[in-house]
Amino acid sequence: DLECLFDVFLDVVKNHKAGRDISVQQLLTEQLLYRPVCPTNPAQRLHPRKVLILGSGGLSIGQAGEFDYSGSQAIKALKEENIQTVLINPNIATVQTSKGLADKVYFLPLMPEYVEQVIISERPDGVLLTFGGQTALNCGVKLQHSGVFEKYNVTILGTPIQSIIETEDRKIFADRINEIGERVAPSAAVYSVQEVSIMVFYSHSSKM
């Protein structure tokens with residue numbers, strides 16, 4: 001994360017060889033000085049007043065304890081910034097839903113129709129999709145495709161929605177990996193047990 005410090009080191013070496021003495025402390029201070037960015041895009045300037053978090057949901061593979069932990073940490077981080085938090089999580093046996101953590105908790109299924117109703121009721125400025133696991137991600141993608149976020153002017157915070165779409169779809173992800181010249185295991189979509197059997201047969205045949 002501090003790769004920039006190597007640039008400072010190189011600058012010091014170059015200046016020393018050129019006979020120019022320069023303060024290392026001054027270079028480090030200038031390099032690490034925080035400079036606020038003033039983007040022209042209004043959405044990027046937004047400091048949200050209220051954020052909706054799609055929680056970890058039921059205890060299943062891909063959305064269990066690890067997302068309960070990360071989601072609870074996200075709630076704490078938002079509260080430190082004085083941002084109101086609204087959580088949707090149907091699982092009462094999670095840390096996220098503990099009393100006093102989120103400002104408001106909805107014990108509702110992580111399904112687009114329920115999330116939309118909460119958005120209508122709460123009118124959040126932003127939404128976090130990546131702290132709830134597979135169900136929350138799929139729900140967020142469906143809401144994006146149906147235009148709910150745009151309709152109610154809800155900004156997707158954190159990971160861009162297009163990145164989520166491309167990584168959740170196995171074929172699109174494989175295509176993106178191939179585009180940058182990286183190797184990926186061959187795969188194909190099948191829709192019946194018979195197609196699976198054929199794929200397994202050809203897979204074994206190619207190894208013989």
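## Helix packing and nonpolar cores in a predicted model

The structure is a predicted model, in which local features need pLDDT of at least 70 and side-chain atom pairs count only at pLDDT 80 or more, while totals for chains, interfaces and linings use all residues. Residues are numbered from 1 along each chain as its sequence is written, and side-chain values use heavy atoms, with hydrogens and water left out.

**The pair H6 and H8**

Two packed helices are described by the angle between their axes and the distance between the axes. Here the axes of H6 (residues 133–145) and H8 (residues 161–168) come within 10 Å and cross at roughly 120°; axes are lines fitted to C-alpha atoms, for helices over the stretch in contact, and angles run from 0 to 180 degrees between N-to-C directions. The crossing of these two helices is left-handed, a term used if the near helix is turned anticlockwise from the far one by less than a right angle. Contact means heavy atoms within 4.5 Å, and on the H6 side Gln 134, Leu 137, Asn 138, Gly 140, Val 141, Gln 144 and His 145 meet Ile 161, Ile 164, Ile 165 and Glu 168 of H8. By class, this contact has 5 nonpolar, 5 polar and 1 charged residues, where Ala, Val, Leu, Ile, Met, Phe, Trp, Tyr, Cys and Pro count as nonpolar, Asp, Glu, Lys and Arg as charged, and the others, Gly among them, as polar.

**The whole protein and its cores**

The secondary structure comes to 10 helices and 5 strands, which are DSSP runs numbered from the N terminus (helices H or I, at least four residues; strands E, at least two). Buried residues make up 30% of the 208 residues, with buried meaning under 20% relative accessible area, exposed over 50%, and partly exposed in between (1.4 Å probe, protein chains only).

In soluble globular proteins, nonpolar side chains tend to be buried together. A nonpolar core is a set of buried Ala, Val, Leu, Ile, Met, Phe, Trp, Tyr and Cys residues joined through side-chain atoms within 4.5 Å. The largest such core has 23 residues, of which Leu 52, Leu 54, Ile 88, Val 115, Ile 119, Leu 129 and Phe 149 touch the most other members. Strand S1 (50–54), strand S2 (84–88), helix H5 (112–122), H6, helix H7 (148–151) and H8 each give two or more residues to this core, and H6 gives the most, with 5 residues. Apart from this core lies another, of 9 residues, among them Val 51, Ile 53, Ile 83 and Leu 101.

| Residue | Relative accessible area |
|---|---|
| Leu 110 | 9% |
| Asn 15 | 14% |
| Leu 101 | 12% |

Leu 110 is placed in the loop between strand S3 (104–106) and H5, and, leaving aside neighbours within four places in sequence, its contacts include Leu 54, Ile 88 and Cys 139.
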